[in-house]
Amino acid sequence: MSTTPQGQPLVSMRGIVKRFGENVVLDGVDLDVFPGEVVVLIGPSGAGKSTLLRCINGLERISGGTIEVDGDQLSYQESAINKIRSRIGMVFQSFNLFPHMTVAQNITMAQRDVLGRSADDARRRAVELLDRVGLAEKADAYPDSLSGGQQQRVAIARALAMDPAVMLFDEPTSALDPELVGEVLHVMRELADEGMTMIVVTHEMRFARRAADRVVLMADKQIVEEGPPEQVLDHPTSERGQAFLRQLSEE
Ligand SMILES: Nc1ncnc2c1ncn2[C@@H]1O[C@H](COP(=O)(O)OP(=O)(O)OP(=O)(O)O)[C@@H](O)[C@H]1O
Ligand SMILES: [Mg+2]
């Protein structure tokens, strides 16, 4: 885990408002994430966690406020958004691997198309990353032949292959059978230990306690608590935070 945040935030959000039609789903969210920090986002369903992540890489367009990634303000011209997206890796609940491509091809495609790497360089990087997520022997397998946990580790390797400055995870283990959750969290913990900047939406409170530098609790369109894991998870001060955590502990 990193120590006290230093320097410029890698991701800086100010006064983020997001509306879908008339429906306000983010209402004035401020959040800074510093290099090497691991921020775990928790909160009840519908709080706006996924929407916030999707706003960071421009998958959703904000209705108000500003987002900076590594000093560049997010705007929606194609070249600007592509530049910002190239620095952000995203891992979703569903792995979204291409079934007709091998694992290695899934990992090399964007390296070649977006970063212009040679086939050899891209393959080398893919193999290196597969080794890192414990799947060195699966380079030439097809996604269908892998378990959900293995597919999600491939998806993590695919995101890392772009050398992102920050990794966003939206409930990366929610679609997995319980016995496969641990292997994915293990890879994520290693990434965190290696100093990757991460924003992670998860219901895995053990991961939050062990890996997070900061837990951010969203409820009802806003951030209602943030701080070190023990503070937020064990001593929430807001009524909404207390209600959410009480409900969690009763599950
Ligand atoms: N594309 C969309 N169009 C309209 N409304 C949307 C859209 N995406 C999300 N919303 C609404 O925005 C609100 C926040 O949704 P979001 O998915 O961000 O919540 P969440 O905190 O990720 O919830 P969960 O824990 O269930 O994943 C919800 O009321 C949802 O219905
Ligand atoms: Mg969500």
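This is a predicted model: local features need pLDDT of at least 70, side-chain atom pairs count only at pLDDT 80 or more; totals for chains, interfaces and linings use all residues.
Residues are numbered from 1 along each chain as its sequence is written, and chains are lettered from A and ligands numbered from 1 in the order in which they are written.

Let's start with the ligand. Around ligand 1 we find Phe20, Val25, Gly43, Ser45, Gly46, Ala47, Gly48, Lys49, Ser50 and Thr51, each with its C-beta atom, placed from the backbone, within 6 Å of the ligand. Helix α1, residues 49–56, gives the most to this shell, with three residues. Helices here are DSSP runs of H or I with at least four residues, and strands are runs of E with at least two, numbered from the N terminus.

Now, helix α4. Which of its residues are buried? They are Ala122, Arg125, Ala126, Leu129 and Leu130; buried means 20 or more other C-beta atoms within 10 Å of a residue's own, exposed means 12 or fewer, and partly exposed is in between, with C-beta atoms placed from the backbone. Seen down the axis of α4, these residues fall within an arc of 135°, so they line one face of the helix; the arc is taken over directions from the helix axis to the C-beta atoms. After α4 comes Gly134, with a positive phi near 80°.

Finally, Pro228 sits in the loop between β10 (222–227) and α8 (229–234). Pro228 counts as partly exposed because it has 14 C-beta neighbours inside 10 Å.
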